[in-house]
Amino acid sequence: MPEQLGLDLPGITALGRADFLVAPSNALAVALIEGWQDWPGRKLVLSGPAGSGKTHLAHVWAALSGAEICPARDLVGQDIPDLARRSVAIEDVPDIAGNAQAETALFHLHNLALAEGNALLFTGEAAPRAWHLNLPDLKSRIEGTQAVSLDLPDDALLSAVLAKLFADRQLTPKPELIAYLILRIDRSFAAARRIVAALDAASLAQKRPLSRQLAAAVLDKEDQLAR
């Protein structure tokens, strides 16, 4: 059967607090985000693997605190004094490691925002000591910040994440498909995102409903490409 060309439509990702799935692997991070007004020094580092929910929690915090969200790589060229007039979530801080201009901008943002009485949230995949920042004053300030991490999901959370990712794409797979997937994909949020996207694309292209048979074919194709 010829395949229909499908558009790469990732779906609408819901980023509200009610859409964030709480489990033992992320409960402490959620509690700290919700209790942001009690952060020591008015700042927090949030770390975790790709797709673990850092961006989602950053949006939750922004809604709670009125903060702006700014990728670290976009700091160069920003009006730092203006940005510092509100609380700020700086995402993917390790992306600017070794970029002297960006690290300096973040250092100034750190100092100015706190002087204004605002709060700061820093995100990155690893713990701050592995961010490889070069500017000593910035490095010491971030490494001295309270930190919390998001861990890899257990079966219950991974199942819920898969269900949410399908729902974001307006898809409603049968429960047995999700049970089938959690036994066969890597235990990571990034893997969950990949398989849901691949199944959505395959279903559209082949005009086939979501099923274990389709999932088996997609997983087999991914295994062959990985070899």
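**Aromatic cluster and buried elements**

Tutor: Trp36, Trp39 and Trp61 form one aromatic cluster. Please bear in mind that this is a predicted model.

Student: How many aromatic pairs does the count come to?

Tutor: The count comes to 2 aromatic pairs. In one of them, the ring centres of Trp36 and Trp61 lie 6.2 Å apart.

Student: What makes the rings of Trp36 and Trp61 a pair, and why is the pair called edge-to-face?

Tutor: Rings pair if their centres lie within 6.5 Å, and planes over 60 degrees apart count as edge-to-face. The centres of Trp36 and Trp61 are 6.2 Å apart and the planes stand at 80°, so this pair is edge-to-face. The pair links distant parts of the chain, 25 residues apart: Trp36 belongs to the loop between helix H1 (27–34) and strand S1 (43–47), and Trp61 to helix H2 (residues 54–65).

Student: How do you know whether Trp36 is buried or exposed?

Tutor: Buried means under 20% relative accessible area. Trp36 has 17% relative accessibility and therefore counts as buried. For Trp61 the value is 0%, so Trp61 counts as buried.

Student: Why is the pair of Trp39 and Trp61 called stacked?

Tutor: Planes under 30 degrees apart count as stacked. The planes of Trp39 and Trp61 are at 25° and the ring centres 5.2 Å apart, so the pair is stacked. Trp39 lies in the loop between H1 and S1, whereas Trp61 lies in helix H2, so this pair ties together parts that are 22 residues apart in sequence. Both Trp39 and Trp61 are buried.

Student: What makes S1 a mostly covered strand?

Tutor: In S1, 5 of its 5 residues are buried. Both faces are covered: one side carries Lys43, Val45 and Ser47, the other Leu44 and Leu46, and all are buried.

Student: How do you know that S1 and strand S4 (residues 120–124) pair?

Tutor: Two strands pair if at least two bridges are found between them. S1 and S4 have 5 bridges, in the parallel sense, and Lys43 stands opposite Leu120 in S4. S1 is also joined by 3 bridges to strand S5 (residues 147–149), and these strands run parallel. There, Leu46 stands opposite Val148 in S5.

Student: Which residues of helix H7 (residues 175–182) are buried, and what covers them?

Tutor: The buried residues in H7 are Leu177, Ile178, Tyr180, Leu181 and Ile182. Their cover includes helix H6 (155–168), helix H8 (189–206) and helix H9 (212–226).

Terms used: Residues numbered from 1 in each chain as written. Predicted model: local features only at pLDDT ≥ 70, side-chain atom pairs only at ≥ 80, totals over all residues. Heavy atoms only, no water. Phe/Tyr/Trp six-rings, centres within 6.5 Å; stacked < 30°, edge-to-face > 60°. Helix = DSSP H or I, 4+ residues; strand = E, 2+ residues; numbered from the N terminus. Buried < 20%, exposed > 50% of the residue type's maximum accessible area, 1.4 Å probe, protein only. Contact = heavy atoms within 4.5 Å.
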